[in-house]
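Dear colleague,

Please find below the structure that I am handing over to you. My findings follow directly after it.

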Amino acid sequence: MTTVRYDRLLRIFCLCMQDPELEDIDLPHILWYFQELERLGWKPNGINIVAIAIRKFFEFCNLRGYRTFNEQLIPVPRKEFNIPRVTDIETFRKILKQIPENSPRPHHIRNRAFLLLLWDTGARVGELCSIDSADMDLKKKTALIHTEKSRGRRPIRQIFWTEETNKHLKLWLEKKEHLQKLFTFHDPEALFVSISKCGQYDVRGSRMGNRGAAEIMRMLSNKAKIPVVNAHSIRHSMGRDTVRTLRSNSAVSNVLGHSNLDSSYIYTMLWGEDLKEDWS
């Protein structure tokens, strides 16, 4: 989520500044920091997020009467437009193939259920990780989830999944119920929980987060010997497929949970083979 990301970026900034007093930070320090990020190979879009986070922080401080400089002086690099990375079905199958289908191991069962749900719904990773087991309606193959970045306009939305995904969700819930009899879960309500494998299984039962999901994607991509696939590229695949079928911004917005139609416009732009097909 944005708040968590800003918090992490600001903590790194403070460490690099060696935890100074707030009033001691001025614009040259921040400009130096941006130059160092660029020297380390950060892209403009990455520095853009850092700049916004720092600007928001100093805006917050100024509104509360702290003696700091004008946050509007902090330059925000213009974002570069990049065509969204889209994971096609063949790439997804390569990743899924790395999970033994009939394995009794809990992390295999969980990972397959998670990936299939991700593919079917196009939900953000944080949204899937926020789901509780009680939120799932396995009979109707649907759930209501809290929408990230809703800004109050779309606090919840409905997601759906296929019978194949439903089968693996049932297998995971059965395994999770069995594990809860053996271990004390930190977050027993969470649908997807952390499982580490070091000698014997260590089931902490804490809610799986974005980092855990990213590690799953990295590990499976490496096993498949393909460039690392991130979960957001699977979300882009859902957006692209929705546009192919309905050619509607509002449909994309409803499926992906965008709070603003502007976020859906990128999916109505065709490129590559899709554009060539329309052109011909």
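How many residues does the largest nonpolar core have, and which of them have the most contacts inside it? In this predicted model, the largest nonpolar core has 42 residues, and L115 and F192 are those with the most contacts within it. Two or more residues each are given to this core by α4 (89-96), α5 (106-121), α6 (125-129), β2 (142-146), α7, α8 and α9 (231-246). The largest share, eight residues, is contributed by α5. Leaving aside residues up to four places away in sequence, F192 touches R110, A113, F114, L117, L128, L169, W172, S206, R207 and M208. There is also a second, separate core of 19 residues, and L10, I25, I30 and A53 are among them.

Aromatic pairs

The structure holds five aromatic pairs. One of them joins F13 and Y33, whose ring centres are 5.0 Å apart and whose planes stand at 70°, so this pair is edge-to-face. F13 belongs to helix α1 (residues 2-16) and Y33 to helix α2 (residues 27-39), so that the pair links distant parts of the chain, 20 residues apart. Both partners are buried: F13 has a relative accessibility of 2%, and Y33 has one of 4%.

F92 and W119 form a stacked pair, with 4.5 Å from centre to centre and 20° between the planes. Because F92 lies in helix α4 and W119 in helix α5, this pair ties together parts that are 27 residues apart in sequence. F92 counts as buried at 3% relative accessibility. W119, at 18%, counts as buried as well, since the cut-off for that class is under 20%.

F57, F58 and F69 form one aromatic cluster. Of these, F58 is located in helix α3 (residues 44-63) and is buried, at 0% relative accessibility. With residues up to four places away in sequence not counted, F58 touches L22, I25, I30, T68, F69, E71 and I74. The C-alpha atoms of F58 and I74 are separated by 9.6 Å, and the two residues are 16 apart along the chain.

Just after α8, K225 takes a positive phi of about 60°.

K170 is found in helix α7 (residues 163-182) and is partly exposed, with 37% relative accessibility. The C-alpha atoms of K170 and I109 are separated by 9.9 Å, although the residues are 61 apart along the chain.

Cysteines

The count of disulfides is zero. C14 is partly exposed at 30%, and C16 is partly exposed at 40% relative accessibility.

With kind regards

Conventions:
Residues numbered from 1 in each chain as written. Predicted model: local features only at pLDDT ≥ 70, side-chain atom pairs only at ≥ 80, totals over all residues. Heavy atoms only, no water. Helix = DSSP H or I, 4+ residues; strand = E, 2+ residues; numbered from the N terminus. Buried < 20%, exposed > 50% of the residue type's maximum accessible area, 1.4 Å probe, protein only. Contact = heavy atoms within 4.5 Å. Core = buried A, V, L, I, M, F, W, Y, C linked by side-chain atoms within 4.5 Å. Disulfide = S-S within 2.5 Å. Phe/Tyr/Trp six-rings, centres within 6.5 Å; stacked < 30°, edge-to-face > 60°.
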